[in-house]
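Hi everyone, thanks for making time today. Let me put the structure on the screen, and then we can walk through a few of its contacts together.

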Amino acid sequence: MAAAPRTIYDKCFDAHVAHKTEDGTVILYIDRHLVHEVTSPQAFEGLRNAGRKVRRPDCTLATVDHNIPTVSRKSYKDSKTFVEEADSRTQVVTLEDNVKEFGLTFFGLSDARQGIVHIIGPEQGFTLPGATIVCGDSHTSTHGAFGALAFGIGTSEVEHVLATQTILQKKAKNMRVQVEGQLGPGVNSKDIILHVIGIIGTAGGTGAVIEFCGSTIRSLSMEARMSICNMSIEAGARAGIIAPDDITYEYIKGRPLAPKQGPEWDAAVAYWRSLPSDEGAHYDIDVQVKAADIPPTVTWGTSPQDVAPITGSVPDPKNAKNETQAKAWTRALEYMGLEANTPLDKIKIDKVFIGSCTNSRIEDLRQAASILHGKKVADGLYCMLVPGSGLVKKQAEAEGLDKIFQAAGFDWREAGCSMCLGMNPDQLQPGERCASTSNRNFEGRQGAGGRTHLMSPAMAAAAAITGYLTDVRKLTNGTRVGEDASKPEYNVQITDAKSYLTDKPLPPPAPLKRVPADTDEDAIRDVPASQTATAGGGMQKFTVVKGIAAPIDRANVDTDLIIPKQFLKTIKRSGLGSAFFWPARYDVKTGEPLADFVLNQAPFNKAQILVAWENWGCGSSREHAAWAMLDFGIRAVVAPSVADIHKTNLAKNGIVAAILEPEEVKEVMEAAKAKQEVIVDLEQNKVILPESSNKSFEFHVDSFTRHCLLNGLDDIDLTMEKENFIKSFEQERTKDTPWLDGFGYEATGAATKLQPVVDAAKSAAKKVTGTDW
Ligand SMILES: CC(C)[C@H](C(=O)O)[C@@H](O)C(=O)O
Ligand code: SF4
């Protein structure tokens with residue numbers, strides 16, 4: 001019998017199954033692991049406490065991106081003196097120490113290859129078609145643009161991958177978004193993905209991997225495809241994926257970590273060509289979009305689904321489709337300081353941010369520069385350009401783009417996440433409004449009280465010139481972006497990105513020996529004792545919880561709201577209870593508790609259960625959200641849906657996600673509002689309302705997760721019981737896809753010089769002062 005046709009997701013998934021249990025839980029082998037400073041400290045500490053090593057340092061690449069300042073690095077000596085903010089410095093220095101201790105390849109602050117994780121993976125050829133790629137970061141979906149299965153994970157999963165090079169997974173649904181036809185002038189990949197999210201909503205992809213296909217997608221460059229896959233997480237999807245083709249292979253060829261030219265390259269391409277979905281493959285969800293229907297698009301509200309064509313107006317809650325939406329819109333308008341029905345191009349802005357893992361690649365910079373060339377930014381505006389990596393910056397400078405931006409009045413910065421989430425000093429002030437090329441417009445995302453409008457680099461450049469949200473087509477006479485006939489002088493020398501990729505691959509550095517027990521580790525790391533990392537210490541068992549349930553009468557509660565960025569700088573898992581729901585619980589300016597917020601009121605301040613509407617925990621992969629909930633006392637969430645990564649994070653921390661039908665949630669919500677106790681019983685798989693109707697509603701938790709929750713099991717131990725399967729998978733992998741056995745780098749420049757690995761840890765700690773391996 002012929003094998004059933006499969007999607008590209010099916011093929012990538014099937015090719016990485018190291019072991020499968022009867023209930024469908026799979027030990028999925030991971031080819032590539034990217035690591036950054038925010039979501040890794042607790043994971044490394046977990047390894048250290050358990051005496052575990054990193055299983056595949058050669059498949060792991062680390063960098064610093066979220067916390068780092070984007071000011072000039074001319075005076076950089078080391079991170080301890082360069083990163084001024086104490087908690088940010090701690091995270092950066094902790095990662096520098098961890099990569100030395102565990103022997104990982106690392107691009108630190110003095111390395112031109114440093115940048116946002118999702119920029120540097122593809123840039124180095126670390127990201128490859130058909131590979132499984134993870135990172136403790138939700139925008140790992142970016143790498144799906146190469147036909148890789150790439151998704152974000154929480155810190156417990158980071159620890160699992162570091163220790164076992166695998167992750168526990170269940171098969172997701174297949175979803176297809178097909179875009180056909182030619183894009184109109186002024187419309188590009190950012191408009192495509194914003195438009196798609198507007199159609200399917202931020203929960204539209206929950207539980208699914210979205211394959212983007214169709215003639216429009218095929219015509220796009222790799223940079224443009226990455227912007228689309230990047231934001232599939234904003235559509236709630238587990239991952240986004242685009243079948244590889246000649247555009248993909250051309251992009252990869254010659255990059256340092258790509259398969260070597262010759263037989264290895266040919267074998268790799270032959271394999272990659274087998275990946276695209278088979279004719280007749282089944283999709284659980286199918287969405288068709290016409291390119292001609294996509295306008296230049298902006299967001300007006302506080303969710304990425306709050307999109308509108310730039311020619312449109314701010315919507316009126318009177319026209320909402322139901323009461324929940326009307327409430328959400330009213331709240332969003334209030335937060336954004338906007339009146340219903342205001343034309344979008346009458347909205348005045350204060351700042352422009354061009355950057356982030358969505359739009360900070362060379363093509364994005366060229367796009368913005370083509371609009372800004374010969375123009376000045378509007379009076380009183382602050383505009384910043386933050387390249388995605390040191391190499392993007394170098395290339396842009398070689399092409400003269402920095403001059404165009406600076407002449408226009410832009411601040412030209414160093415690479416990092418910057419004002420995408422403002423973990424560093426690049427932030428909006430309360431009330432400031434920003435035209436931004438980033439991916440999230442959540443409340444407080446770019447700074448407490450800040451207001452974000454998402455758009456493409458071309459649209460952000462247009463907004464910079466006029467000082468208002470602006471239809472870029474008005475500035476380009478209806479021509480395509482970058483092809484404006486009225487500006488023949490725009491003649492940037494396009495250079496080849498690959499000429500900046502000079503460092504040769506080598507095996508990664510050997511780990512330093514562990515610091516002896518009698519050594520004062522904190523002194524070596526220069527980390528305050530209060531900031532010493534803590535590991536999970538095992539998951540709490542969950543059988544039955546009976547208690548007060550707090551009604552959170554909102555949909556789409558994102559993890560930025562559950563715990564905002566300033567609390568992600570910890571290297572601990574504990575003590576985050578007071579940060580839980582911080583922006584809603586406290587006055588942003590005074591820090592005083594807000595009496596009318598439900599969690600500040602008795603008896604809800606002692607709640608053990610939360611009841612919320614759909615898509616609870618969407619957005620970022622921060623496990624800090626689960627840690628904060630647990631520390632507050634929450635053991636269960638009852639909702640119609642919970643975002644995928646957050647759901648896993650909850651389970652890893654002994655918190656049950658009880659998913660019920662919306663009508664059932666309504667009844668639990670009413671009981672919660674009436675301050676009645678609610679029972680969440682995992683043994684019976686039931687939510688029970690004992691005080692009113694004594695009604696019960698059944699929920700389902702997959703059997704493996706349920707088993708771990710009921711017994712409080714450490715899944716790394718469980719996975720390691722199957723190590724023989726992992727080992728034999730690795731042997732097969734080396735035989736079939738030898739190019740996936742990774743490498744580190746031979747650093748060539750003075751700044752990227754490899755530091756000697758010294759045996760005696762005490763002296764090593766003193767001698768090894770450089771940060772880059
Ligand atoms: C810090 C990290 C957990 C987070 C993410 O997962 O997305 C961040 O990158 C973000 O964009 O909010
Ligand atoms: S979304 Fe923003 S903060 Fe998150 S990885 Fe991308 S650039 Fe960094």
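By salt bridge I mean a side-chain nitrogen of Lys or Arg within 4 Å of a carboxyl oxygen of Asp or Glu.

Some housekeeping before we go on. This is a predicted model, where local features need pLDDT of at least 70 and side-chain atom pairs count only at pLDDT 80 or more, while totals for chains, interfaces and linings use all residues. Residues are numbered from 1 along each chain as its sequence is written, chains are lettered from A and ligands numbered from 1 in the order in which they are written, and side-chain values use heavy atoms, with hydrogens and water left out.

Now the overall layout. The chain is divided into domain 1 (8-294 + 718-740), domain 2 (297-321 + 330-474) and domain 3 (544-713), with bounds that come from an automatic or database domain assignment. Between the C-alpha centres of domain 2 and domain 3 there are 33 Å. Their contact, meaning heavy atoms within 4.5 Å, takes 14 residues from domain 2 and 12 residues from domain 3.

How much area do domain 2 and domain 3 bury between them? About 1,100 Å², with 56% of it on carbon and sulfur atoms. That buried area is the accessible area (1.4 Å probe) that two parts lose on being put together, summed over both. The rule finds 2 salt bridges across this interface of domain 2 and domain 3.

Let's move to Thr140, in the loop between strand 6 (132-135) and strand 7 (149-152). Helices (H or I, at least four residues) and strands (E, at least two) are DSSP runs here, numbered from the N terminus. Is Thr140 buried or exposed? Thr140 is buried, at a relative accessible area of 0%; the cut-offs are under 20% for buried, over 50% for exposed, and partly exposed in between (1.4 Å probe, protein chains only). Leaving aside residues up to four places away in sequence, Thr140 touches His118, Ile133, Val134, Cys135, Ala150, Phe151 and Gly152. A polar atom of the Thr140 side chain also lies 3.5 Å from the backbone oxygen of Cys135.

Helix 2 (residues 41-50) is mostly covered too, with 8 of its 10 residues buried. Among them are Phe44, Leu47 and Arg48. Just after helix 2, Gly51 takes a positive phi of about 70°.

Back to charges for the last part. Side chains of opposite charge can pair when their charged atoms come close. How many salt bridges does a search of the whole structure find? It finds 47. One joins Asp245 and Arg218 at 3.0 Å, N to O, linking parts of the chain 27 residues apart. Asp245 is buried at 16% relative accessible area, whereas Arg218 counts as partly exposed at 29%.

Another pairs Asp345 with Lys474 at 3.4 Å, N to O, and these two are 129 residues apart. Asp345 counts as partly exposed at 26%, while Lys474 is exposed at 57%. Finally, salt bridges that share partners join Asp31, Arg55, Arg56, Asp58, Glu723, Glu730, Arg733 and Asp741 into one network.

That's my tour, and I'm happy to take questions!

Key. A polar contact is a pair of N or O atoms within 3.5 Å; within protein, one must be able to donate a hydrogen and the other to accept it, and residues adjacent in sequence count only if both atoms are side-chain atoms.
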